[in-house]
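Please look at the sequence and the structure first.

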Amino acid sequence: NLGRSDCISVCVEQYKHEKGISGGEAIAMLTEYGVLEYLSEHWEILHTQSRQWIIEDIDEFIRTRKGE
């Protein structure tokens with residue numbers, strides 16, 4: 001059973017792998033757009049979703065924050 005920090009770590013790892021970026025780049029991007037706070041607030045829902053759903057959700061969150 002994943003806890004909050006484990007879930008966030010898994011999401012970050014999956015995101016960096018999907019995007020082909022380093023851990024540092026992923027953390028910088030996710031911090032810049034407030035994604036880590038979002039993941040922390042919604043981890044109980046996110047940990048039940050598929051990897052692809054999580055990636056798409058993060059991408060949509062970032063697009064919204066960018067105003068796209």
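In what follows, Lys and Arg count as positive and Asp and Glu as negative, while His and the chain ends are not counted; the place of a charge is taken as NZ of Lys, CZ of Arg, CG of Asp or CD of Glu. On that basis the protein chain has 7 positive and 13 negative side chains, with the centres of the two sets 2 Å apart.

This is a predicted model, in which local features need pLDDT of at least 70 and side-chain atom pairs count only at pLDDT 80 or more, whereas totals for chains, interfaces and linings use all residues. Residues are numbered from 1 along each chain as its sequence is written, and side-chain values use heavy atoms, with hydrogens and water left out.

The protein chain holds 4 helices and 0 strands, where helices (H or I, at least four residues) and strands (E, at least two) are DSSP runs numbered from the N terminus. The C-alpha atoms fill a box of roughly 35 × 25 × 20 Å along the principal axes.

Buried means under 20% relative accessible area with a 1.4 Å probe, protein chains only, and 31% of the 68 residues count as buried.

Leaving aside neighbours within four places in sequence, I58 is in contact (heavy atoms within 4.5 Å) with Y15, L30, V35 and L39.

How values were computed: Buried means under 20% relative accessible area, exposed over 50%, partly exposed in between (1.4 Å probe, protein chains only).
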